[in-house]
Amino acid sequence: MNTVFNIIVIVQVLSALTIIGLVLLQHGKGADMGAAFGSGASGSLFGATGSSNFLSKSTGLAAAIFFIATLALVYLGNHRSAVTGGVMENLPAAAAPAAAIPATSAEPVAAPAAASGSASAAASAPAPSTGSAQSNQIPK
């Protein structure tokens with residue numbers, strides 16, 4: 001689906017560049033304005049332009065391709081399937097070996113100051129803060 005999206009974007013960009021090039025190559029209607037002031041065939045100023053040439057037909061074809069590519073991009077953008085999982089769900093399940101998991105003891109390891117039982121060491125240790133008092137301070 002992503003490849004089709006990229007191909008349509010490339011077609012759209014190439015057709016837009018083609019339209020720009022073809023429009024710049026064409027002879028504009030403003031170039032015939034001098035004919036109205038006596039420099040030649042003034043009947044063609046507001047008259048029929050005649051049959052279209054190769055450049056104008058090519059511009060119309062490139063514009064049609066551009067609009068079709070734009071509509072295709074809109075359709076693909078609105079009808080994408082929802083992503084169901086993340087990147088990690090596509091990995092194969094690997095069992096971890098038992099030796100890789102460290103063993104934990106049931107007894108917690110006590111700090112040396114708390115194990116000695118001295119009240120002064122416990123009183124000098126700062127109490128854990130929740131961070132709410134410090135969150136109002138601006139760092140310097």
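Predicted model: local features only at pLDDT ≥ 70, side-chain atom pairs only at ≥ 80, totals over all residues.
Residues are numbered from 1 along each chain as its sequence is written, and side-chain values use heavy atoms, with hydrogens and water left out.

The secondary structure of the protein chain comes to four helices and zero strands, where helices (H or I, at least four residues) and strands (E, at least two) are DSSP runs numbered from the N terminus. Along the sequence the pattern reads α-α-α-α. Of the 140 residues in the protein chain, 9% are buried; buried means under 20% relative accessible area, exposed means over 50%, and partly exposed lies in between (1.4 Å probe, protein chains only). The accessible surface of the chain comes to about 11800 Å², and carbon and sulfur atoms account for 67% of it, the areas coming from the Shrake-Rupley method with a 1.4 Å probe and, for residues, with only the protein chains shown counting as cover. Among contacts with a separation of 6 or more, 81% are between residues 24 or more positions apart, a contact being heavy atoms within 4.5 Å.

Two of the helices can be followed in detail. Helix α1 (2-25) has 24 residues and reaches 35 Å from its first C-alpha to its last, close to the 34 Å expected at 1.5 Å a residue; the expected span is 1.5 Å times one less than the number of residues. Helix α2 (residues 54-78) has 25 residues and reaches 36 Å between its first and last C-alpha, close to the 36 Å expected. The buried residues of α1 are Ile-8, Gln-12, Ser-15, Ile-19 and Leu-22, and what covers them includes α2. In α2 the buried residues are Ser-58, Thr-59, Ala-62, Ala-69, Leu-73 and Leu-76, and their cover in turn includes α1.

Gln-12 lies in helix α1 and is counted as buried because its relative accessible area is 16%. Leaving aside neighbours within four places in sequence, Gln-12 is in contact with Phe-66, Ala-69, Thr-70 and Leu-73. With one of these residues, Thr-70, the side chain of Gln-12 also makes a polar contact of 2.6 Å; a polar contact is a pair of N or O atoms within 3.5 Å, where within protein one must be able to donate a hydrogen and the other to accept it, and residues adjacent in sequence count only if both atoms are side-chain atoms.

Thr-70 itself is found in helix α2 and, at 27% relative accessibility, counts as partly exposed. The C-alpha atoms of Thr-70 and Ile-8 are separated by 8.3 Å, although the two residues are 62 residues apart along the chain. Elsewhere in helix α2, Ala-62 is buried, with a relative accessible area of 6%. Apart from neighbours within four places in sequence, Ala-62 is in contact with Ser-15, Thr-18 and Ile-19, while its C-alpha atom is separated by 9.1 Å from that of Leu-22, which is 40 residues away along the chain.

One aromatic pair remains to be described. Rings of Phe, Tyr and Trp (its six-membered ring) pair if their centres lie within 6.5 Å, and planes under 30 degrees apart count as stacked, over 60 as edge-to-face and the rest as tilted. By this rule the count comes to one aromatic pair. The pair is formed by Phe-66 and Phe-67 and is edge-to-face, at 5.9 Å centre to centre with 65° between the planes. Phe-66 is partly exposed, with a relative accessible area of 25%, whereas Phe-67, at 55%, counts as exposed.
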